[in-house]
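Let's take a walk through this protein, starting with the overall build and ending at the ligand. Keep the 3D view open as you read.

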Amino acid sequence: ITIKEIGLKTVRRLLKTPFKSVLQQVDEREVIVVSVKGDSGQTGYGECVAFETPWYTEETITSCRFVLEQVLLPLLANQTLHHPKEVWELFKAVKGNRMAKAAVEMAVWDLFAKQQQLPLWQFVGGTSQAIPAGIVVAADPFQIGDKVAQANTAGYKRIKIKIQPNTDPSMLKSVVNNYPEILFFADANGSFDEDNFKRLTEFDDVGFTLIEQPFGEREWILHSRAKQQLKTQICLDESIASVEDVQQMIDSKAGDIVVLKMSRLGGWTETLKVVELCREHSIGMWVGGMIEFGVSKAHNLALASLTGIHYPGDFSASNYFWEKDIIQPAIFVDNGEIQLSDRIGIGYTVNLPE
Ligand code: OSB
Ligand code: MG
């Protein structure tokens, strides 16, 4: 495929309700949709999901726009590619900036799947067409009970609750006990430290399937101590930004499970390497969310189709965050699952603003 046109389109929309975590409150979301047109006339799509400021990863939507426009797009323009893996090679001389790279790289994978007339999930070797959904409750503590009840009514079988050192574990325990058939995850977003380690152990009896990122990104030793001392599985999210980070987690016995975020990892090529490494070492996997729109979600759903990804990801319906998504049809959850499309590429039509 020869790359003929590359487009960037900014999408900015309000969330239906504010997303509150220990790190940041998100009320409005801005992303960049990347479109890549090949000589066959088809178009592949990617979505850059960096946030407005560096509260979650170092990149921002503004740094990504700069790197995309000034550095990455010129490297890709007019290139002839035989496989989407070649994009990672093309970008090799560019340090870091994985979220910017991922957005372009993902668009090229979509384009190749379309050229091969295959759904993206089949193009990448996925096997499952029904993806278990999962929702995130990121609200004030007094709202958690109601939000969990609503998620249960909507059919979700996996609910992730944001926690921090001042969250009351006994309150959470009574919520979790109400729904024996639902899997509950906890996400601490790195809010614990050595001084309140004991506080973390008080969440061990809540009934969580896993606790996500209790400590900071580079706290391998604290995480390994938590893995030893808690019966709840330890899952790393922010810590995992490369294949090397997964190897570090394995070597330091710092976790049982990883969250795959294709954007933070730099796209499909690096993510597929991570999946391979996790399979070899029997590390659990699931696919994380970035409060993103449908293009990114569609790529992530295709990822969740791969074998070895055993836990339900952050896959909520389009209408959980958005009045209107940028894809058609919207993503919807039926009986706790999302069905992957039989259509080629990401499987959805993209509707971009003028
Ligand atoms: O820590 O998993 C996280 C959203 C934005 C930034 C970080 C995280 C999240 C989520 C996922 O919790 C929310 C979603 O998109 O479903
Ligand atoms: Mg997380």
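How many helices and strands are there in the protein? This is a predicted model, and it holds 13 helices and 14 strands. The radius of gyration is 20 Å, close to the 20 Å that the globule rule gives for 354 residues, so the protein is as compact as a globular protein of that length.

Now go to the start of the chain. Strand E1 (residues 3-20) and strand E2 (residues 25-38) run antiparallel, with 13 bridges joining them. Together E1 and E2 make a hairpin, and four residues sit between the two strands. To see the pairing for yourself, find Phe-19, which stands opposite Val-26 in E2.

Further along, the UniProt record (an unreviewed entry) marks residues 141-233 as "domain: Mandelate racemase/muconate lactonizing enzyme C-terminal". In the model, that span is 37% helix and 15% strand, and its end C-alpha atoms lie 23 Å apart.

Asn-78 isn't a glycine, yet its phi is positive, at about 65°. You'll find Asn-78 in the loop between helix H1 (61-76) and helix H2 (86-90). Is Asn-78 buried or exposed? With 10 other C-beta atoms within 10 Å, Asn-78 is exposed; the cut-off for that label is 12 or fewer. Ser-282 is another non-glycine residue with a positive phi, near 50°. Ser-282 belongs to the loop between helix H11 (268-280) and strand E11 (284-287), and it is exposed, with 9 other C-beta atoms within 10 Å.

Next comes a cis peptide bond, from Gln-328 to Pro-329, with omega near -10°. Pro-329 is placed in the loop between strand E12 (327-328) and strand E13 (337-339).

Finally, the ligand. Which residues surround ligand 1? The shell is made up of Tyr-56, Val-136, Asp-187, Asn-189, Asp-237, Gly-288, Gly-289, Met-290, Ile-291, Asp-314 and Ser-316. Sorted by class, the shell around ligand 1 has four nonpolar, four polar and three charged residues.

Note on methods. Residues numbered from 1 in each chain as written. Chains lettered and ligands numbered in written order. Predicted model: local features only at pLDDT ≥ 70, side-chain atom pairs only at ≥ 80, totals over all residues. Near = placed C-beta within 6 Å. Nonpolar A, V, L, I, M, F, W, Y, C, P; charged D, E, K, R; others polar. UniProt positions renumbered as here; feature names shortened; annotations may be inferred. Pairing = 2+ DSSP bridges. Rg over C-alpha atoms; globule rule 2.2 N^0.38 Å. Buried ≥ 20, exposed ≤ 12 C-beta atoms within 10 Å, placed from the backbone.
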